[in-house]
Amino acid sequence: MQSKRTGLLILGWAAASFSPLALAALGGDLNSAQDDAVHMKAQARPGSRASSAYEVQELTLTSGTVVREYASPAGKVFAVTWHGPQIPDLTQLFGSYYPQFAQAAGAPHAGHRHLQVRQPDLVVESNGRMRAFHGLAYVPSLVPAGVQVAALP
């Protein structure tokens, strides 16, 4: 029964990853999110400097899902969050970290509404049910000094 639930979860993640949307990826340049927003006709709020330690770019996808990308002063995306009716395209959000995430997500774990991946160079927490998903992913080595990831808005 557990392997069937895990299989369904992976299938759900895979289906979500074939979305035509494109976003800046973890470890990537925040400026690409602005270009991608124009390309996919998503509504982008101008980047805002939440503190001297990071900048936030917010995109509202056509599905209603809101994605926030957090970048260091150097412009590198160190974290992404999402909340809304659909899971965003995780292959685009995670970029080169996606294969690592997919492998970890495929491992047996408890529950089908909560997924947690904790590795030295990638942390992902995703929760939700139909039309109410939310998540956080970050690369610990890219988080600016003094930033508390758990406190990101």
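Which exposed residues does the face of α4 turned away from its buried side carry? I began with this helix in the predicted model.

**Entry 1: helix α4**

I found that the exposed residues on that face are Pro-99 and Gln-103. I then listed the buried residues of α4, which are Tyr-98, Phe-101 and Ala-105. These three lie on the same side of α4, because they cover an arc of only 60° around the axis. I noted the general rule that an α-helix has 3.6 residues a turn, so residues three or four places apart point the same way.

**Entry 2: nonpolar cores**

I next looked up the largest nonpolar core, which has 25 residues. The members that touch the most other members are Leu-26, Val-80, Trp-82, Leu-90, Phe-94, Phe-101 and Val-124. I recorded the elements that give two or more residues to the core: the helices α3 (90–94) and α4 (98–106), and the strands β3 (66–71), β4, β5 (114–119), β6 (122–129) and β7. I also found a second, separate core of 13 residues, and Ala-79, Tyr-138, Val-147 and Leu-152 are among them.

**Entry 3: Thr-81**

I located Thr-81 in strand β4, residues 77–84.

**Entry 4: Glu-58**

I located Glu-58 in strand β2, residues 54–60. Glu-58 is buried, with a relative accessible area of 11%. Which side chain does a polar contact of 2.7 Å join to that of Glu-58? I found that the partner is Arg-68. Not counting residues up to four places away in sequence, Glu-58 touches Gln-43, Ala-44, Arg-45, Val-66, Val-67 and Arg-68.

**Entry 5: confidence**

The protein chain averages a pLDDT of 79, and 72% of the residues score at least 70. Where is confidence lowest, and where is it highest? I found the lowest mean, 42, in helix α1 (residues 2–17), and the highest, 95, in strand β7 (residues 132–138). Over residues 1–22 the pLDDT is below 50, and this stretch has 33 contacts in the model beyond near neighbours in sequence.

Note on methods:
Residues numbered from 1 in each chain as written. Predicted model: local features only at pLDDT ≥ 70, side-chain atom pairs only at ≥ 80, totals over all residues. Heavy atoms only, no water. pLDDT = per-residue confidence, 0-100. Helix = DSSP H or I, 4+ residues; strand = E, 2+ residues; numbered from the N terminus. Contact = heavy atoms within 4.5 Å. Core = buried A, V, L, I, M, F, W, Y, C linked by side-chain atoms within 4.5 Å. Buried < 20%, exposed > 50% of the residue type's maximum accessible area, 1.4 Å probe, protein only. Polar contact = N/O pair within 3.5 Å; in protein donor to acceptor, adjacent residues only side chain to side chain. Arc of directions from axis to C-beta.
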